[in-house]
Amino acid sequence: MKKEFFVIDYSAISEEDAAKDVHNDQLCFKLNHTMPHTPEYKALVQELFGEFGEGSKIMPMINVVRGREVKIGRNCSILNNVLFMAAGGITIGDGAMIAANAQLITNNHDEHKRWLLTCAPIEIKRNAWVGAGATILPGVTVGENAIVAAGAVVTKDVAANTVVGGVPAKFIKDIK
Amino acid sequence: MKKEFFVIDYSAISEEDAAKDVHNDQLCFKLNHTMPHTPEYKALVQELFGEFGEGSKIMPMINVVRGREVKIGRNCSILNNVLFMAAGGITIGDGAMIAANAQLITNNHDEHKRWLLTCAPIEIKRNAWVGAGATILPGVTVGENAIVAAGAVVTKDVAANTVVGGVPAKFIKDIK
Amino acid sequence: MKKEFFVIDYSAISEEDAAKDVHNDQLCFKLNHTMPHTPEYKALVQELFGEFGEGSKIMPMINVVRGREVKIGRNCSILNNVLFMAAGGITIGDGAMIAANAQLITNNHDEHKRWLLTCAPIEIKRNAWVGAGATILPGVTVGENAIVAAGAVVTKDVAANTVVGGVPAKFIKDIK
């Protein structure tokens, strides 16, 4: 189902929100300069994201805007260099796998007033697998156990237990 | 209009130019290991690029070859992990937005003599918006206010006030 | 010729192999935080990869899983931010060029049992050129002197002396 878009007006952003964005950027930088598989790294991951479930792992470099809007479930595997543009909210279900270089993008710019961010949430459901370098656009839900092929650009919802691929992504087959 | 290509012969590169390339790489590394939103970071950005206008921002990781050939206008927003292969020259107009993981590529290799770089400039005009992970190829101009969709590969000029997308990128619609 | 796939069962991975994966990740991190064009950087590159031939260069950030399964020939040029998912084995021939952001992926997950990695080797033959952001999938051989266009997703073998491009990649022309 198509999600509602909401708007963030960056021409009128509060000092408090601007400071939060800077804090997010600097925390992200700090994480990307901390040795992975250490307690310090794990603590920074918990601080950067809104939720990061038990048994999940994420590899650097991590590129995140508004990391507190990202909720990651348990036993997820998120590989190198994934992009989270999270102003619209990102939810990743238990056991999901996000391959390297994937792009999760929850905001566009208004076509005319580019300072308006038009945002809608992304949901990656349980056990879904997003392939390397794939792009998920605002408002998209990737269903349970679905597979998004490497390099796909996903513009609309992906049904559970299906495989999609291509630019823009199209149905390839059912997982039976 | 199709730009003229020029050739750089890497089999005959001068010691001076080779040293400049190494300096560029090391400056780029240093920038990527400096905390963003600090005076040190901003000073390195000014050193890395040929021009970097007032009010513009750029996020790490920054991947740049021949950064002195890049001219960035005022109030531009350039997000994480953008690639600048700049031997052919890159000009980015005021207010342009370059999303994360975009690739601005001004050089190819000759099909037969791979040590010959065939170069042509890229221009991103005022207020254009290049989407996440999009690729702009040598000689391409993206017109004022145009939008390049996420994941597009742009092989020819994009008219002002239009939206293009896909691999290779095709006209999608006018911005009215 | 289609390669045979083999399976790695991550639900039954030995402590020794798990420790090797952590060591790989931490070595990769260390390399990405070492100044390029220095003896320290070059020593870490030799340690990370199974083979790294004389006269070859590689730029950070380097994203590698199971780097010891990667064999890189002589006089190769590998640019920024290339991804090596190497569980299935990667061989890169002398003089090959891998552009920035390329993805060399030798493993998928089983569609049903996601903890099973299904692996097949990638071969990039002598003097081939893989374009920026291109993706090479498990089992693919890119022939001698072939060119993979920027942003392509290569799902099957590429004949020597040909150019391919698109998602999925298709034959574009012969190099004569």
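The legends below accompany close-up views of a predicted model.

**View 1. The contact between chain C and chain A.** In this view, 17 residues of chain C are in contact with 22 residues of chain A. On the side of chain C that touches chain A, α1 (15-32) and β10 (103-105) of chain C each supply at least two residues, and the largest share, four residues, comes from α1(C). The residues on this side of chain C divide into eight nonpolar, six polar and three charged. Of the contact residues of chain C, 18% recur in chain A, and the copies use different surfaces.

**View 2. The contact between chain B and chain A.** Here 22 residues from chain B and 17 residues from chain A take part in the contact. The side of chain B that touches chain A is made up of 13 nonpolar and nine polar residues, with no charged residues. Only 14% of the interface residues of chain B are also interface residues in chain A, so the copies meet through different surfaces.

**View 3. The hairpin of β19 and β20 in chain B.** Strand β19 (residues 162-165) of chain B pairs with β20(B) in the antiparallel sense over four bridges, and B:Thr162 has B:Asp174 in β20(B) as its bridge partner. Four residues lie between the strands of this hairpin, in which B:Gly166 takes a positive phi near 100°. The number of buried residues among the five of strand β20 (residues 170-174) of chain B is zero, so this strand lies largely in the open.

**View 4. Surroundings of Val148 in the largest nonpolar core.** The largest nonpolar core holds 177 residues, of which A:Val148, B:Val148 and C:Val148 touch the most other members. When neighbours within four places in sequence are left aside, the contacts of B:Val148 include B:Val130, B:Gly131, B:Ala134 and B:Val142. B:Val148 is also in contact with B:Val154, B:Val158, B:Val164 and B:Ala169.

**View 5. The open parallel sheet of chain A.** Five strands of chain A form an open sheet in the order β4-β7-β10-β15-β18, with parallel pairing. At its edges stand β4 (63-65) and β18 (153-154) of chain A, each with a single partner strand, so one side of each is left without a neighbour in the sheet. Between β4(A) and strand β7 (residues 83-85) of chain A, the parallel pairing extends over three bridges, and A:Val64 stands opposite A:Phe84 in β7(A).

**View 6. The setting of A:Lys71.** A:Lys71 has its place in strand β5 (residues 70-72) of chain A. Because 17 other C-beta atoms lie within 10 Å, A:Lys71 is partly exposed. Not counting residues up to four places away in sequence, A:Lys71 touches A:Gly50, A:Glu51, A:Thr91 and A:Ile92. The C-alpha atoms of A:Lys71 and A:Ile98, which are 27 residues apart along the chain, are separated by 14 Å.

**View 7. Backbone details in loops of chains B and C.** In chain B, a cis peptide bond with omega of about -10° joins B:Pro60 and B:Met61, and B:Met61 lies in the loop between β3 (57-58) and β4 (63-65) of that chain. In chain C, a cis peptide bond joins C:Pro60 and C:Met61, with omega of about -10°, and C:Met61 lies in the loop between β3 (57-58) and β4 (63-65) of chain C. B:Asn145, a residue other than glycine, has a positive phi near 70° and is found in the loop between β16 (141-142) and β17 (147-148) of chain B. With 20 C-beta neighbours inside 10 Å, B:Asn145 counts as buried. C:His37, also a residue other than glycine, has a positive phi near 65° and is found in the loop between α1 and α2 (39-48) of chain C. C:His37 is partly exposed, with 14 other C-beta atoms within 10 Å.

Methods:
Residues are numbered from 1 along each chain as its sequence is written. Chains are lettered from A and ligands numbered from 1 in the order in which they are written. This is a predicted model: local features need pLDDT of at least 70, side-chain atom pairs count only at pLDDT 80 or more; totals for chains, interfaces and linings use all residues. A residue is buried if 20 or more other C-beta atoms lie within 10 Å of its own, exposed if 12 or fewer, and partly exposed in between; C-beta atoms are placed from the backbone. Two strands pair if DSSP finds at least two bridges between them. Two residues are in contact if their C-beta atoms, placed from the backbone, lie within 7 Å. Ala, Val, Leu, Ile, Met, Phe, Trp, Tyr, Cys and Pro count as nonpolar, Asp, Glu, Lys and Arg as charged, and the others, Gly among them, as polar. A nonpolar core is a set of buried Ala, Val, Leu, Ile, Met, Phe, Trp, Tyr and Cys residues joined through C-beta atoms within 7 Å.
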